[in-house]
Amino acid sequence: MKKLMMIAAMMLAAVTVSAQEAGQVFLKPMVGATLTNVTNIDGKMKFGEVAGAELGYMLSDNFGLSVGALYTMQGEKGKNNVGDFKSEYINVPILANCYVAPGFALKAGVQFGFMTKAKNSNVDFKEYCNKTDISIPLGAAYEFGDFVIDARYNFGLSKIVKKDYTDESYKNSVIMLTLGYKIPF
C-alpha cells in the first residue's frame, strides 16, 4: 500500500511539474467571487463575481508571465442609511508568477481597470468617477492537474471619484478567489 501511495504521489508531482515547462503557453479561463470595499468610507464589504481568462507564458520552469481580461464586480455595501456603491470593471492584470514549490506560485504585478458601470443606490454615478483604475495585485495560486485555485488582493492606487467632486481619496480594495482551468498550447 505504501508503494502504491508513493507511486501515485510521484505521478501527481510529475504531472504538476510538466505543467510548468519553460516555453509553454497556456490559456486559463476562470470564474470566482470577490469581496470588495472602498477605502475611506465606513461601509461593509460587498460580495461580487469575477469571470474571464488569462494567457500565460513560462519563461523558465519556475517563472512565468501572464496577462488577462477579467469582468469584475466591485464596490461596497452602504451603512447607516448610505446606499450601496456598485461598480463594474474590465480589469487587465499583468502578473509575474514565481513557482516556489511544484504547483504553488506567488504572483505580483500591475492591473489596469476600465469602469463599465457605477451606481450609488441605483442612481447612475459613472459621470462622477474616473474611468480607469490602477491597482497592484498580490496573490498565490495552487495547481492540481490542470485546475488552478487563485487568491489575490488588489491594492487600489487610483482614486475612484474625480477630483472635481471630492478631495477624499476613495480607492478600490478587492479580495478575489477564482477557480481556473489551464489549457496548454
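Is Y181 buried, partly exposed or exposed? In this predicted model, Y181 has a relative accessible area of 37%, so Y181 is partly exposed.

Let me turn to the ring that Y181 meets. F147 and Y181 form an edge-to-face aromatic pair, with 5.0 Å from centre to centre and 70 degrees between the planes. F147 lies in strand β8, residues 147-156, and Y181 lies in strand β9, so this pair ties together parts that are 34 residues apart in sequence. F147 is likewise partly exposed, as its relative accessible area is 38%. Through ring pairs, F147 and Y181 belong to a cluster that also includes Y142 and F144.

The count of aromatic pairs comes to 6. One of them joins F85 and F125: the ring centres are 5.7 Å apart and the planes stand at 80 degrees, so this pair is edge-to-face. F85 is in strand β4, residues 85-101, while F125 is in the loop between β6 and β7, so the pair links parts 40 residues apart in sequence. F85 is buried, at 11% relative accessible area, whereas F125 is partly exposed, at 22%.

I now come to strand β1, residues 25-38. β1 pairs with strand β2, residues 46-58, in the antiparallel sense over 12 bridges, and V25 stands opposite Y57 in β2. With strand β9, residues 172-181, β1 forms an antiparallel pairing over 9 bridges; there, V31 stands opposite L179. A further antiparallel pairing, over 2 bridges, joins β1 to strand β10, residues 183-184.

Finally, please look at F26. Its bridge partner in β10 is P184, and the charged end of K182 sits over the F26 ring, 4.3 Å from the ring centre.

How values were computed. Residues numbered from 1 in each chain as written. Predicted model: local features only at pLDDT ≥ 70, side-chain atom pairs only at ≥ 80, totals over all residues. Heavy atoms only, no water. Pairing = 2+ DSSP bridges. Helix = DSSP H or I, 4+ residues; strand = E, 2+ residues; numbered from the N terminus. Phe/Tyr/Trp six-rings, centres within 6.5 Å; stacked < 30°, edge-to-face > 60°. Buried < 20%, exposed > 50% of the residue type's maximum accessible area, 1.4 Å probe, protein only. Lys NZ or Arg CZ within 6 Å of the ring centre and 35° of its normal.
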